Amino acid sequence: MLTKFMLRSQSLPFTIFSPARFFTKPLLIKPLTLAPLSTTTAAAATLTTAFDKAFPYGPSLRKGHKPSHQSQAFIEHELQEEHCEEDSLIDEESFTRVFDIAALRVPSENCFALESRLRGHLLNWPRIRNIARVPGDEVEDEFKNFLKDQSNYNSDDDSESLVSLNRRIYGKADGDGEPLSPVLYRDKLAKTFNSKGFVKFRNLAKLSRPKKGKKREEERDKRVKKGFGRNELALVEVVDEREGDGEDLSGLLGDEFKGRKWRGSTRLLLLDERYASKGLDELPEAIKTVFKEDVRQNGPSTFELVRCKLTLFYNYWQMNEILEVLLPKDMIVPSAFETVGHIAHLNLKDEHLPFKKLIAKVVLDKNKPKIQTVVNKIGAIDNDYRTMQLEVIAGNRSLVTTVVENGLRFHVDLATVFWNSRLATERQRLLNCFTSKDVICDVFAGVGPIAISAAKKVKHVYANDLNPYAVEFLERNCVLNKLERKIEVFNMDGRRFIEAIFASEKAQSITQVVMNLPNDATEFLDAFRGIFRKKTKDRDFSLPKIHVYGFSKAQDPEFDFHERIRIALSEVAFEVEVRRVHLVAPGKWMLCASFILPESVAFAKPMSHVQVNWV
Ligand SMILES: C[S@@+](CC[C@H](N)C(=O)[O-])C[C@H]1O[C@@H](n2cnc3c(N)ncnc32)[C@H](O)[C@@H]1O
């Protein structure tokens, strides 16, 4: 039997409270084997008790207990909802955990002041508000005022009128024997509310059909079941020992109404888990003081210490918590993934592959609605267009998505073009080097994250890519961002593009060149040899600044990259600024080298002439 504590002004025991009682003793935690998901409730409950002690604070799937109704509820849920194969991968209900906690039930108008006063003593679990509503106990202001007037008693007469009020409202007064007819109570309401007030009580017609105990149980089950539906995280229920007693007000106040007594609108202030089984006299002084003050101000206390059940559903638990349970013990839980628009991109290890569908389902569930598709990378990027080989393992199969970067929108098809969201910061850094006077030449532009962002800032952009799909998206993205007038798009091999564009009239204006093909961009640098060979040195022109990306696994990656650039340009002495972008694998750096094209290179011996093929 669960006990409900009702404070009475005469009986408040003020014992000295020892803070040591609040804390669970530090325990040596041994690695625990979690009960299999099919464990019966009783067994799970036994295990739970041990877990509760072993896990010091906060919600955990290894704490709490499984609800007794769960199997039936789950079966019904399964029958009610249409499931696709993915839906049935995880038994979501097996992640439902019930925690016994205590709460202060207080008038709603007091709850915020009390929340800040008792903060250190309230439940402090992630994503759980420590103020909970009590379903169905909202009271019309008009009636609240009436209650207030009647309860301000300070004489024998007032006391009598309170008893009479109790009789009329609750059917009986405290200490009375037989309850009086609820007719009196309804009569009172009829006199108190005007016709408009009644309109608000939707269920007035059901008044003469009091709920049976069984029906009430079913409704509770329905609510809990609703909880493990798609959207709910948690449910707080007051565990009321007097269930079945008194008058059922649900017909009048709505099906949600559970209280046997109408106290006015109340809220539950959920107490810290360490007070779950404490009596009033065992609570800390701060809470007792709140009770004392209430009694002093209001006579019989308007506060109650109640026992509650806090149910946390599948939707409450985070990705790693769910996966820790689902995956074999000792397996590292995959916790990170990259996001490209609506797509989550995993990089699963071999050991994860047998569980890839499970993992993907959890990723999808825990990142909805933003994530609609989960893909896994299969094999290294080894093609010219730098596209990834991806397998769709959950969600919708479309790999065409929209990414927002730097305030611009990019349409991308991960199946046919390159995109890497991790380069966003680097792209931003590069953009910071450009000014409104610059003319940019992006040799390996992809779908345009650098070229299009630059176009917003600089005078003009020439953007090229070898991949026809990338060029199609590049053009589409120029229009999407209304920048098509500032960008010219080309579909050529990078070397031919460099040679052709610098052989054209456009060469004069180009101030910066971006070469973002880290795997082999340095191999394209020799294309700059002799680009100005036909120009006279004394004419007014500027040499472009080149930003070239590369990888290095060397001990001194900066030196290594500088050397490769020097060799590619066949030039010994010129200044190069090399920067580490990020580690792409253990010991392998992505680097960016920036330098002004040396005059000796630009005017070097003639190279074979290339005809420009403008797109
Ligand atoms: C690493 S991606 C960079 C794309 C873009 N700058 C970005 O940050 O998303 C390299 C791009 O170079 C293109 N590419 C590969 N080889 C090329 C070549 N020989 N000439 C021109 N483009 C090439 C690929 O299609 C790819 O879009």
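Is Asn-432 buried or exposed? Asn-432 is exposed, because 9 other C-beta atoms lie within 10 Å; a residue is called exposed at 12 or fewer such atoms, buried at 20 or more and partly exposed in between, with C-beta atoms placed from the backbone. This is a predicted model, in which local features need pLDDT of at least 70 and side-chain atom pairs count only at pLDDT 80 or more, while totals for chains, interfaces and linings use all residues. Residues are numbered from 1 along each chain as its sequence is written.

**Surroundings of the ligand**

- The ligand has 19 residues around it, and Phe-444, Gly-446, Leu-466, Asn-467 and Gly-494 come nearest; a residue counts as near when its C-beta atom, placed from the backbone, lies within 6 Å.
- This shell consists of 11 nonpolar, four polar and four charged residues, where Ala, Val, Leu, Ile, Met, Phe, Trp, Tyr, Cys and Pro are nonpolar, Asp, Glu, Lys and Arg are charged, and the others, Gly among them, are polar.
- Domain 2 (325-398) and domain 3 (418-602) each supply at least three residues of the shell, with domain bounds taken from an automatic or database domain assignment.

**Positions listed in UniProt**

- Under "binding site", an unreviewed UniProt entry lists Arg-427, Asp-465, Leu-466, Asp-493, Gly-494 and Asn-516; the positions follow the numbering used here, feature names are shortened, and annotations may be inferred rather than shown by experiment.
- Arg-427 belongs to helix 13 (residues 424-432); helices (H or I, at least four residues) and strands (E, at least two) are DSSP runs numbered from the N terminus.
- Arg-427 is partly exposed because 18 other C-beta atoms lie within 10 Å.
- Setting aside residues up to four places away in sequence, Arg-427 touches Pro-449, Ile-450 and Ser-453; contact requires C-beta atoms, placed from the backbone, within 7 Å of each other.
- Asp-465 sits in the loop between strand 14 (460-464) and helix 15 (468-480), and counts as buried because it has 30 C-beta neighbours inside 10 Å.
- Beyond residues up to four places away in sequence, the contacts of Asp-465 include Phe-444, Ala-445, Gly-446 and Asn-491.

**Strands 13 and 14**

- Strand 14 is largely enclosed by the rest of the structure, because four of its five residues are buried.
- Strand 13 (residues 439-442) and strand 14 run parallel and are joined by four bridges; strands are taken to pair when DSSP finds at least two bridges between them.
- Cys-441 has Tyr-462 in strand 14 as its bridge partner.

**Residues apart in sequence**

- Asn-432, in helix 13, is 25 residues from Lys-457 in sequence and 9.6 Å from it in space, C-alpha to C-alpha.
- Phe-337 occupies the loop between helix 11 (319-326) and strand 7 (338-340), and is buried because it has 20 C-beta neighbours inside 10 Å.
- Phe-337 and Val-363 are separated by 26 residues in sequence and by 9.0 Å in space, C-alpha to C-alpha.
- Apart from neighbours within four places in sequence, Phe-337 contacts Ala-344, His-345, Leu-346 and Val-363.

**Backbone geometry**

- The peptide bond from Lys-368 to Pro-369 is cis, with omega near 0 degrees, and Pro-369 lies in the loop between helix 12 (356-366) and strand 9 (373-377).
- Arg-127, a residue other than glycine, has a positive phi near 65 degrees; Arg-127 lies in the loop between helix 3 (111-117) and strand 3 (131-133).
- Ser-570, although not a glycine, has a positive phi of about 50 degrees, and is found in the loop between helix 17 (557-569) and strand 18 (577-585).

Key: Contact = placed C-beta atoms within 7 Å.
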